[in-house]
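Student: Could you show me how to read a structure like this one? I'd like to start with one feature and go on from there.

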Amino acid sequence: MSLAVARTPGGAALARRAWDGFVRRREASVLVVAIGLVIYFQAASPLFLTGDNLRNIAQATAPTAIVAVGIVFLLVSGEIDISVGMVAALAPYLMHYAIDFYRVPAVPAILLALAIAAGVGLVNGLITTRLRVPSFVTTLGMFYLLYGVLLTTSKAYPVAVPEPVKGSLQTWLGAGDWASLSWCLLVVAVFHIVLTRTRWGLHTISVGGNPLGATEAGIRVNRVKVGNFMLVSVLGAVAGLMEAFRINSIDPNIGGGTRITFTAIAAAVIGGTALAGGSGTVVGALLGMFVLAMLQNGFNLIGVSANPFFLIQGIAILVSMIANQYLSRLRRTGRS
Amino acid sequence: MAALVVEGVAKRFGALTALEDVNLHVDRGEVLGLLGDNGAGKSTLVKIICGFHRPDRGRILVDGVPVALRGVDHARSLGIDTVYQDLALVNELSVYHNMFLNRERRLGPLLHNRLMRRLAEEHLRDMGVDIPDVTVEAAKLSGGQRQAVAVARSVYSDARILLLDEPLAAMGAKEATIILDLVADLKARGDVAIVIIAHNYAQALQVCDRVNILQQGRITFDRPAAETSVTELTDLMVPSHRDRRRLA
């Protein structure tokens, strides 16, 4: 009898702690939104949760979510990169040039494209940290520079995926039904651990949260930032290559321009990453990207024109930013 | 042999001369109090000894060996550790991550969070600091708690030369006692050389073996704490203030 009485408040306290822990997680609100959208769209259209449609959503999510992972790291360290979409557009061309013009074998050509992307990130990082140009401006310049390189070298024509990469390589790296989502989930899992459980992640948070303090603690702030610029560029190239393999063509307008970049930043922000640096979540960015992809897909399914989609996306960004500000104020005063 | 010797160090920031010609020394097991007006260059001197700034002239000797400090990391590897005036805590990180910042314990490639959490709890308990939960973000700590965490971080780092820049600034009476007791314990251990920058002369005389005064970028006074007094120190400091007022 007394045991049962004692257990009841214990159970309630446990449930309460679990609830508190859930609410305190930055991913909580976007997870609730994602689940809500699934329920709503499934109710509105029975096609929503079919295998074919889920594949559509997965394919719309994966490449941009991979870019968003890099964006989260960069935002957490207090910087931003708006040139990453252009790296994504350029990377498949670099592979195509290497294979078709210089007879480089397929795998080294892909690695070469990733290495050049890393070089772009290195330049972005060095200009930002050594020459103290704000990263928004650095990467704005890099965006136009790469756009020029892309249009000049490709003459703005799309090309076919080079023969040597066709076959199992192309299937594994993006053309397979669930290939892009599998890579995306792998990248998210690995970098979630990197951000939360490794020295690099801890230093990335420190550099964004308190740059002077991080320097005083002996952390090489510039090195961490440059590393994250390189990370986002390489992930951008991965996303661009994956898209080229999936649609089986290399197109200067795919991924290119600002769309991948802005959607990735939107996903990161909706997922709970603050632009001011010091906090962010990789899993949240994935959920944020799912939400954006589901909105676009669901509107199509239930026959709403795609045009109001951007209206919803805009509102989603504003609402999540306002909620973030409010939540971080709560956290600071210790009431969360 | 002195654990730390500073010889003829000068530092300018643009047109501003922060340090003219600084000479000082500290032995193991000795606590040196560094006093001086605001803007006398105390924090600049600390930031040169800990590798944050590079001096324009002069040199630093650790255990008699001249060292050219390349950065904070380098200084730390030589056993020089610092509690900065701004504390250098990252609000977004937990207390125990802050305590092991850039000195993380790892298990393979991953952070060994369980070990760091346990050590942080032990260190803070040994110090007598009351922080119920070391997993809370540093943002949630009070001013005194923050200071205690920053001091604990340096004290338990196996530092052989410890620099404390205004360690008592945000402290209540009880918390200040905790820090002063800790310094006394370290002194008793005999293997750590300690430099404390202080504002409060009484506290400085209580804990320090020797007192130096930094004025206009030079050390103008160097005497054992036992041979001076709050009155003498005040008399030394106040005229310089009056002089400057007269000139202005």
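Predicted model: local features only at pLDDT ≥ 70, side-chain atom pairs only at ≥ 80, totals over all residues.

Student: What does helix α8 of chain A look like, and how far does it reach from its first C-alpha to its last?

Tutor: α8(A) runs over residues 179–197, 19 residues in all, and reaches 27 Å, close to the 27 Å expected at 1.5 Å a residue.

Student: Which residues of α8(A) are buried?

Tutor: Start with the general idea: an α-helix has 3.6 residues a turn, so residues three or four places apart point the same way. Here the buried ones are Ala179(A), Ser180(A), Trp183(A), Cys184(A), Val187(A), Val188(A), Phe191(A) and Leu195(A). They sit on the same side of α8(A) because they cover an arc of only 160° around the axis.

Student: What covers those buried residues?

Tutor: The cover includes α3 (51–76), α7 (168–175), α9, α11 (221–247) and α13 (282–301) of chain A. On the face turned away from the buried side, you'll find the exposed residues Leu186(A) and Val190(A).

Student: How many residues of chain A are in contact with chain B?

Tutor: 20 residues of chain A are in contact with 23 of chain B. On chain A's side, α9 (199–209) and α10 (211–216) are the elements that give two or more residues. By class, that side has six nonpolar, 10 polar and four charged residues.

Terms used:
Residues numbered from 1 in each chain as written. Chains lettered and ligands numbered in written order. Contact = placed C-beta atoms within 7 Å. Helix = DSSP H or I, 4+ residues; strand = E, 2+ residues; numbered from the N terminus. Nonpolar A, V, L, I, M, F, W, Y, C, P; charged D, E, K, R; others polar. Expected span 1.5 Å × (residues − 1). Buried ≥ 20, exposed ≤ 12 C-beta atoms within 10 Å, placed from the backbone. Arc of directions from axis to C-beta.
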